[in-house]
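User: I would like to learn how to read a structure like this one feature by feature. Could you give me the general idea each time and then the case at hand?

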Amino acid sequence: MKKSKPFEEFVLPQGTNKGLKQPKLGEVLIDHDHDHEEENFVSKYIFSHDHKMIGKQFLMTAVFMGLVAMMLSILFRIQLAWPGEESSVLSLFLGDTWAPDGILKEDMYLGLVTLHGTIMVFFLLTGGLSGTFSNLLIPLQLGARDMASGFMNMLSYWFFFLSSLLMFASLFIQEGAVFGIQIGDPTTSLPGVWDGSGPAMAGWTIYPPLSALPQSVSGSGLGMTFWLFSMTIFIASSLIGSLNYIVTVLNLRTKGMTMTRMPLTIWAFFVTAILGTLSFPVLLSAALLLLMDRMAGTSFYLSDIIVGSDMLANHGGSPILYQHLFWFLGHPEVYIVLLPALGLSSEVIATNSRKPIFGYKAMIGSIMAIGFLSFIVWGHHMFITGMNPFLGSVFVFTTLLIAIPSAVKVFNYLTTLWKGSLVLTPAMMFAIGLVSTFITGGVTGIILADSALDIAIHDTYFVVAHFHIVMGMSAVFGMFAGVYHWFPKMFGRMMNTRLGYVHFWLTIIGAYGVFFPMHFVGLAGAPRRYYNYSVYQDFDQGALDMMMDLNVIVTTFAIFSAVAQIIFLFNFFYSIFRGPRAPQNPWRSTTLEWTTPVEHVHGNWPGDLPTVHRWPYDYSKPGSDVDFIMQTEPLAEGEEEH
Amino acid sequence: MEKIIILIVLVTGVIALAQLVRLYELTYKLKDRGEHDIPNRDNNLNAKLMIGFMLFLFSGFIYLVLRFGWTGRGEAASIQGVETDWLLNINFVIIIAVFFLTNFLLFFFSFKYVRKPGVKAKYYSHNNKLEMIWTIVPAVVLAVIIILGLKSWSELTADASKKAEKIELFAYQFAWVARYAGEDNTLGKFDYKLTTGNNELALMTGSTIDSSVQEMGKSIEAVEQKLKLINFDYLSSEYRSLISSSDYKSDVDELVTEISSSEFNLVGAEEQLKQLYGRYTGGGDHIKITLNEPNDETKSIIGDLEKDLSTKERLYRSLVQMKQNHNPSQDKYTLNDIIQKDTLYLCKGREYDFSFRAKDVIHSAYFPHFRAQMNVVPGMPTSFKFTPILTTQEMRASKNNDEFNYVIMCNKICGGAHYKMKMIVVVYPEAEYDDWMALKRKATFKDQYFPNEETEMIAAK
């Protein structure tokens with residue numbers, strides 16, 4: 001290793017230099033931390049500034065929220081497969097209020113669907129995926145001691161925690177009270193907003209007027225107020241986090257780590273953070289305007305409405321305005337979820353193919369192209385809102401363009417596997433699974449992006465199938481790949497491989513079994529968010545029979561794959577405490593995080609920061625007798641970089 | 001009891017799993033191998049399973065296609081739907097080819113290139129020519145898809161022809177109402193503020209505006225009356241509590257009964273109460289009285305009523321304005337409109353120009369069999385057109401189901417009973433439709449709601 005930079009050349013991360021004396025030249029920060037500031041339990045495990053601990057906190061919270069959301073989906077899947085039948089599972093979890101005699105109530109069905117979507121998209125796949133792995137990997141793979149601001153990083157997690165808590169609590173709202181505690185005062189001048197039972201019930205997109213009018217559905221009272229407050233805090237968390245990631249990537253790369261030597265994980269996190277900073281504020285404004293409509297009597301989204309027998313005087317607002325604002329976030333959000341998963345799997349696939357990722361620069365280019373395009377396609381969610389057909393055409397064009405960089409990514413993955421020497425670790429299997437779901441879910445996107453076809457299948461189960469496969473499954477598979485691959489880095493122990501295999505096979509079979517048949521339910525014309533399909537009895541018994549057959553298949557697979565996650569949970573928690581100790585570099589990977597000690601230290605490297613001399617994908621390089629060359633290894637004489 | 005047994009089974013299961021893992025780890029330790037060294041046996045087994053899974057995926061797909069067919073909706077029942085289905089099939093051919101090809105390559109490579117002793121991976125970092133190919137080929141295919149798609153889109157969303165029959169669909173939680181334009185094929189105007197008990201579609205004529213103004217006036221009076229009574233209640237109970245003497249209390253009660261049995265104004269009533277108090281205290285007319293603030297409950301009721309009142313007054317003002325701007329010559333378009341609930345009747349081969357209107361929240365009019373759909377947005381009229389080409393009878397024959405019917409379903413989450421919000425659609429052959437229509441023209445909006453107002457019609461003409 002070459003002599004590293006003297007200490008002063010580094011921008012000191014805030015938070016790591018708290019309470020330190022001015023360091024002398026060449027002195028190592030980490031020694032100070034240990035000499036002077038013994039970490040106590042609170043500062044180490046709870047209000048930690050250490051990016052590795054914060055990453056783990058994000059992961060734990062997200063796993064919990066993900067389990068909650070999965071459970072919600074099982075509950076409403078039971079309703080869809082066996083409508084009107086008494087279910088002891090439903091009465092066990094929902095009690096007499098929401099499932100009297102084991103039969104789900106209509107309103108709560110919508111509540112379950114809404115919270116399932118919200119939690120999965122924002123709390124598991126945004127907070128969990130980007131929050132966990134950006135935090136863990138950005139400093140480690142860049143050679144930084146910590147995030148640019150440790151304090152803001154901590155704040156980001158605690159905002160996330162608070163918003164998770166609020167969203168979770170909203171499931172328990174009864175008559176304006178949560179866990180028996182009366183919230184607000186229903187007798188004051190804002191009657192509906194503090195009253196009502198159940199969580200938000202307007203779908204995860206919470207379109208007004210349904211979400212704006214407490215009279216229209218019981219969840220649009222206190223439940224919606226909770227939703228809006230929770231999401232406002234969540235957005236703050238996401239913005240603080242994203243800014244931190246961007247600054248860290250731009251400023252805290254170690255010596256020799258040029259932008260084109262960054263692993264693709266970092267590129268993905270970097271572009272994700274930019275997407276988040278640019279799009280989340282728009283959702284924030286949408287949510288604030290909705291709060292004003294609900295609480296201050298404004299008419300941003302409301303016009304000419306009579307709800308029940310209440311004639312409202314609101315005039316001049318537009319519910320469609322909300323949809324534009326929402327989807328201006330909503331579409332980039334898909335890539336905020338997906339890009340980190342693709343980044344993680346790029347790294348996992350290259351490492352375990354023992355080959356460089358094919359077309360590194362094309363991969364960066366396609367990440368950036370997807371990121372850019374994602375901002376100008378939001379209208380494809382609104383083809384049938386009555387928008388100007390010409391505007392629709394523009395959105396068709398831009399949306400279908402995204403297929404090009406996506407295709408490039410898929411073919412590059414395939415070529416990376418080609419003539420590789422594949423080591424099928426559980427992480428690698430999940431990464432391969434991700435490529436499969438990315439293809440299967442991606443191709444149906446071509447149909448939905450075509451406005452002429454979207455008319456016929458908009459808001460049917462075809463759409464549900466599409467986005468669950470391309471966004472849900474892919475992102476979850478990416479997350480599993482990340483957890484299996486970087487578990488040794490997070491906890492210093494190994495997860496059990498064979499349980500990993502069982503988990504993978506059950507999950508991919510289960511998940512495909514859930515979402516693939518949904519295409520056919522959708523092509524039969526079944527609208528989504530229907531409590532049951534009994535209405536079909538009045539006009540098409542044949543279609544109903546077919547849908548019910550499929551629904552039973554889907555629910556059976558859903559229960560199957562939910563049960564399979566117990567294996568993962570067991571493996572995860574067991575390995576944290578009892579798993580075998582991890583070696584220094586278990587996957588024989590080239591990137592910097594594997595040069596840090598297995599036992600975590602605050603500041604990541606006990607000595608000087610490493611210096612980078614090459615790109616991160618020197619696997620099986622000709623002319624070298626070793627299988628992989630670390631990024632810290634200087635180029636040999638006459639060796640070309642790549 | 002059942003729950004305890006389940007719990008015990010779960011706990012034992014977890015313990016058993018833990019023991020199994022321990023055992024497995026011990027064998028690893030004996031062989032001096034870490035969890036990260038994937039044995040060739042595992043590696044090869046998983047590689048084979050990759051192929052197995054590919055077969056599962058592909059055969060699952062084929063099974064689903066064979067069992068459930070392309071579309072459970074049956075053949076397209078409108079000219080526009082035929083176009084959509086044609087385009088849909090072309091797209092399906094392309095994406096299914098891509099689905100099979102790329103998934104095959106993925107799983108095949110995962111199987112074929114699994115680690116083998118002595119074989120080194122090929123260092124292959126980029127190839128510009130290859131990358132160009134798989135940028136340009138998808139781009140060309142997508143260009144075709146985009147061009148075909150936009151061509152259909154512009155046809156589907158083009159304005160309906162002049163002779164298309166106009167129908168308005170009105171949506172509310174949780175039903176649909178249709179309005180045919182009648183003989184003149186022109187839909188009358190509407191305004192949501194005109195909604196009353198017998199004019200639920202809020203149609204606009206001189207007399208509907210009049211009755212709305214009247215009704216709104218009445219309901220403002222009712223609210224004012226309520227406000228007055230509540231305030232009076234509060235005042236009288238405050239005055240009653242000022243002096244503890246029972247004589248005084250009964251005098252107050254007498255006064256209250258007297259006042260509230262007649263028309264009264266609040267200021268006058270308070271004056272009377274004050275005088276009575278003055279008489280008892282001997283303080284005369286100029287006595288100063290401090291009353292307690294009304295309690296929270298009363299305050300909140302008063303607040304609600306005042307808010308309600310201001311809303312109603314605003315609506316009243318714009319109703320009055322509407323009356324001033326109203327052009328009676330427009331009434332004839334409204335009066336011959338036909339309101340149709342429960343079932344929508346259409347004519348085979350006739351083009352329909354639908355417009356949509358929502359009363360409360362967003363709904364979406366979804367006609368799965370005609371491949372048509374449009375959101376119904378409060379405050380923003382939307383529209384689209386289609387031409388049915390199969391009668392209900394023909395579609396029943398085609399689907400081999402005698403009880404089949406066309407339908408409109410709501411396809412935008414709109415509240416608890418969203419899933420029940422539908423309207424049956426019947427497509428008649430021309431002759432039958434014309435008969436039905438002739439019958440309906442005898443039951444227009446006017447006939448239903450203003451059977452005695454000949455004069456208005458004549459005046460309008």
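This is a predicted model: local features need pLDDT of at least 70, side-chain atom pairs count only at pLDDT 80 or more; totals for chains, interfaces and linings use all residues.

User: Which residues touch the most other members of the largest nonpolar core?

Analyst: Residues are numbered from 1 along each chain as its sequence is written, with chains lettered from A and ligands numbered from 1 in the order in which they are written. Of the 298 residues in the largest core, Met428(A), Phe430(A), Ala431(A), Ala481(A), Leu169(B) and Ile408(B) touch the most other members. Helix H5 (residues 106-142) of chain A gives the most to this core, with 20 residues; helices here are DSSP runs of H or I with at least four residues, strands are E runs of at least two, and both are numbered from the N terminus.

User: With which residues is Ile408(B) in contact, leaving aside its neighbours within four places in sequence?

Analyst: Two residues are in contact if their C-beta atoms, placed from the backbone, lie within 7 Å. By that test the partners of Ile408(B) include Trp176(B), Leu344(B), Tyr366(B) and Val425(B), as well as Lys422(B).

User: How many residues does each chain bring to the contact between them?

Analyst: Chain A brings 117 residues and chain B brings 110 residues. Helix H13 (residues 426-449) of chain A gives the most to the side of chain A that touches chain B, with ten residues. That side divides into 74 nonpolar, 30 polar and 13 charged residues, counting Ala, Val, Leu, Ile, Met, Phe, Trp, Tyr, Cys and Pro as nonpolar, Asp, Glu, Lys and Arg as charged, and the others, Gly among them, as polar.

User: In what order do the three strands of the open sheet in chain A stand?

Analyst: Strands of a sheet pair through backbone hydrogen bonds, either parallel or antiparallel. Here the order is S1-S2-S3 in chain A, with antiparallel pairing; two strands pair if DSSP finds at least two bridges between them. Strand S1 (173-174) and strand S3 (181-182) of chain A stand at the edges, each with a single partner strand, so one side of each is left without a neighbour in the sheet. Strand S2 (residues 177-178) of chain A pairs with S3(A) over two bridges, and Val178(A) stands opposite Ile181(A) in S3(A).

Notes: A nonpolar core is a set of buried Ala, Val, Leu, Ile, Met, Phe, Trp, Tyr and Cys residues joined through C-beta atoms within 7 Å. A residue is buried if 20 or more other C-beta atoms lie within 10 Å of its own, exposed if 12 or fewer, and partly exposed in between; C-beta atoms are placed from the backbone.
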